[in-house]
Structure formats: C-alpha cells, structure tokens
Amino acid sequence: MSGLRLEHEFTHFRDLGGVQSLLRLHHAVDARHGVESTFCAFFEPPDCGVERVRGLGLTGFSSIHTARRRFRAAPPPTPDVVNYHNFWGLPFFADLDRAGRRMGLLHSHFPGLPGWLRHLRGLLDGVLCVSQPLLDLVRRELPELAGERSLWLPLPVAREQTEAAQPPLAGRPVVLGFAGRLSFTQKRVDRFPALVRELDGAGVNFRLEFLGEGPQAGWLRRQFAGDARVRFHGRLGGEAYWTVLRGWDAMVFVTDYEGLPLALLEGLSVGVLPVFPAVGSGGDAYAAGVSEEFLYPPGDVAAAAAALRNLVGMTEAGVRELRARAHALVKRHLGDGYAETFARHARAVAALPRISRASFPRVRLRPHTRVPFGILRRIWPGGFWRGVG
C-alpha cells in the first residue's frame, strides 16, 4: 500500500519542542517510506509558508467551538489515516476528520493522562508510543488497542553511529547541560538555581549550559546574571546543536513529567550521561541503565547534585564505562528505524478492520466548548479530552 495518504495533526509545526522536531522529520522523510503526508498545525497561521502544512490560526482566545468551525471549513483531503500527535484535538475533531482510519502517536506522559485516555475509547484504530511505560498505559486504558494495534516506536537520533569526545574530567570543570524548552511548566527550570546552590555546597567545579528558548528564558538568565559559569546558547539546530552537545559531560533533567525526551537519547549517542528524575517515564530506564545513581527522586535537587559529585569523583576508566553503557542503550535509536516503524504501522492500521467510529450522532456542543483555550487549560484541562456532544 505505497502512497498511503496520511495527515498529521498537532498544535504547532514551527515551534521549539520534541514533537515539532519529529513533525519536521516526517515532513522530510515520510515520502521515502511510501507515506504521502500533509500536516494540520492548529495554532499556526492559515498560510504558514511551509509546503503541505496548513494552519487553523488558533490562539489562546480561541475555543473548541472556534477550532471545529475552522477545521470543518478546511478539512483534510479524505486521508487514508489521520494521525493525532499526543491525541491533541482527537475528541473534538474526530467527527469532522473524514479519516479512513485514526491513529495516535503518544510522545508524553502528563498529569491526568490515565483517566483522560478513557474518553478516547471507540475513536482510534491504532497507536504508537515512544516508551514502554506509555505503551503499557495505553493498552491498559484502551484495551481494544492491545496486540498488533499498538506498538513501541523508537525515537530517532540523527546519527548513524555513536561517539564520545569528552576529555578526562580530572583537572577541569564538569560540563553540565540542559536541552529543551526553558519553561516552568513540565520542564521546571525554576529548580536550576537551587541545583547550582547544591553543587556549590558540595564543592563541585562545574559549568552549566542551556540549549533552547522558552517563556522563562529571561527569568532564568536573570537568576544567573554575572555568573561566568553559566552560558545560554539559545536555540540551535544542525551541526551547531551537536557541537554544543558533544561538549557536555552530563545532561541534567529537573522535570515533573516526561514521555521519553529526545534530547536524552541524542546526548547518549555522543556520550553525555543522563541525570534524570524517577517520574515513571520512558527516560527512567535509560538513566538507570547507565547508572542507578543517575536516577534520583523527583524534585530532589540535592540528590541530583550528589550524583554529579560522585561522577566527578570517579576514575577515568569508570567514566568511560558509563559512556559505553550510554552508547549501548541508544544504538536501537540510530539510523532510519523510527520512520520505517511509523510507516509500517500506519499501513498496518489502514489494512486492519476499522474499529473507530465512522459516524456520529448530531453534535450539541457542551458549555465548555465555548471557553477560551487559555482559560480552559487552567480551570479544567480535562475538558480538552471530552467529546463535544
């Protein structure tokens, strides 16, 4: 079934973030794997200047009612499969998407997800998950998607082979990094000042570097104003990104929840060691697989600092062994496995008998569908997961 017509659905296409990186990868490589893909980015302008990408022009002042009206006015061109990234929009677009089959790609674990998944019963024919914990969760809450309808998807790392270029730690600062969105929500970058205080108290000689931008970038820069040990690279791409990443010894996460961070895998591929909170995400197993000491209690920056202090005290042979473990863990993510797995599963879902709803009763919109997104997100985030009727 080459030439499968598939539309990707998500909030943004051009923004900074792991999902956006993957959408841009799909845009570049889907055709090589027999998938004719188009994209609907709900919060991009109608003409965002990217071929095959249409936006709905939504903002925080828009509502589900607004979104449905705009989606109905510019529906996808009768795709074989519609793929909802993180299931965003599925509950209120499903009756309008004209899909032959519906699938979802779950990238993240976030508060409330287990209960919210139950509202998706009967709307999907298949699913892909970027980590085993997410896959287990989906199969438990959506049992109709067990077996061949759900699959683990190996996140892609844009490398063909692993490498490690870090010099010995002895006699120099340990270089720590954070790569991702500089935000309080989920990423909890507000914890970094406390982490730095713990590192100082432990006598760790370090440099700290940030790769990325976000709503709290200015706040974070102010916290470290005048501290020559802290550097902000901003948003980088291509070889400039990898050049910075290769210079790190360890990558520190202080997040509240995750799926499986792509930055973690990219770091592993170039020998960067992960210090990661035990939040029950796909990242837990990777950090523990390098060293159990690198998996620390969520929010406990003192424990994260202790893990880094122990790293600095290791022999060079011990550090090399940790980097070798990192390489072994990431090998299955190198090359073209992600795109091949996605395309194969999309074709399989298209060929399986349909189990998602193909017809819907007349919709009578509930009151929450007229609440602006910015308010709904604060007062009732579960409203995004409820059907409209």
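Author: A nonpolar core is a set of buried Ala, Val, Leu, Ile, Met, Phe, Trp, Tyr and Cys residues joined through side-chain atoms within 4.5 Å. The structure discussed here is a predicted model.

Reader: Which residues have the most contacts inside the largest nonpolar core?

Author: The largest nonpolar core has 114 residues. Its largest share, 6 residues, comes from helix 11 (residues 301-312). Apart from this core lies another, of 8 residues, among them Phe10, Phe39, Cys48 and Val53. Within the largest core, the residues with the most contacts are Phe192 and Phe210.

Reader: Which residues from Val230 onward does Phe210 contact, leaving aside neighbours within four places in sequence?

Author: With those neighbours left aside, the contacts of Phe210 include Phe178, Leu182, Phe192, Leu220 and Phe224. From Val230 onward, the partners of Phe210 are Val230, Arg231, Phe232, His233 and Gly234.

Reader: Why is strand 10 described as largely enclosed by the rest of the structure?

Author: A residue counts as buried when its relative accessible area is under 20%. Strand 10 covers residues 230-234 and is largely enclosed because the number of its 5 residues that are buried is 4.

Reader: What is the handedness of the crossover from strand 9 to strand 10?

Author: Strand 9 (residues 206-211) and strand 10 run parallel and are joined by 4 bridges. In this pairing, Glu209 stands opposite Arg231 in strand 10. Between the two strands the chain passes through helix 7 (residues 217-223), and this β-α-β crossover is right-handed.

Reader: Which elements do the buried residues of helix 8 pack against?

Author: Helix 8 spans residues 238-246, and its buried residues include Tyr241, Trp242 and Leu245. The buried residues of this helix pack against strand 8 (174-179), strand 9, strand 10, strand 11 (250-252) and helix 9 (262-269).

Reader: Which strands are the edge strands of the open sheet of 7 strands?

Author: The order of the strands in this sheet is 3-2-1-4-5-6-7, with parallel pairing. An edge strand pairs on one side only, and the edges here are strand 3 (53-55) and strand 7 (150-152).

Reader: Which residue of strand 3 is the bridge partner of Cys40?

Author: Strand 2 (residues 35-41) pairs with strand 3 in the parallel sense, over 3 bridges. In strand 3, the partner of Cys40 is Arg54.

Reader: At what angle does helix 13 run to strand 5?

Author: Helix 13 comprises residues 337-351 and lies across several strands, including strand 1, strand 2, strand 4 and strand 7. Its direction relative to strand 5 is about 150°.

Reader: Is Thr341 buried or exposed?

Author: Thr341 lies in helix 13. Not counting residues up to four places away in sequence, Thr341 touches Leu151, Trp152, Leu153 and Pro154. The relative accessibility of Thr341 is 9%, so Thr341 counts as buried.

Reader: At roughly what angle do the axes of helix 10 and helix 12 cross?

Author: Tyr286, Gly289 and Val290 in helix 10 meet Leu322, Arg325, Ala326 and Leu329 in helix 12. By class, this contact has 5 nonpolar, 1 polar and 1 charged residues. The axes of helix 10 (residues 283-290) and helix 12 (residues 316-330) come within 8 Å, and the crossing angle is roughly 145°.

Technical notes: Residues are numbered from 1 along each chain as its sequence is written. This is a predicted model: local features need pLDDT of at least 70, side-chain atom pairs count only at pLDDT 80 or more; totals for chains, interfaces and linings use all residues. Side-chain values use heavy atoms; hydrogens and water are left out. Buried means under 20% relative accessible area, exposed over 50%, partly exposed in between (1.4 Å probe, protein chains only). Two strands pair if DSSP finds at least two bridges between them. A crossover is right-handed if, with the strands pointing away from the viewer, the path from the first strand over the helix to the second runs clockwise. Axes are lines fitted to C-alpha atoms, for helices over the stretch in contact, and angles run from 0 to 180 degrees between N-to-C directions. Contact means heavy atoms within 4.5 Å. Ala, Val, Leu, Ile, Met, Phe, Trp, Tyr, Cys and Pro count as nonpolar, Asp, Glu, Lys and Arg as charged, and the others, Gly among them, as polar.
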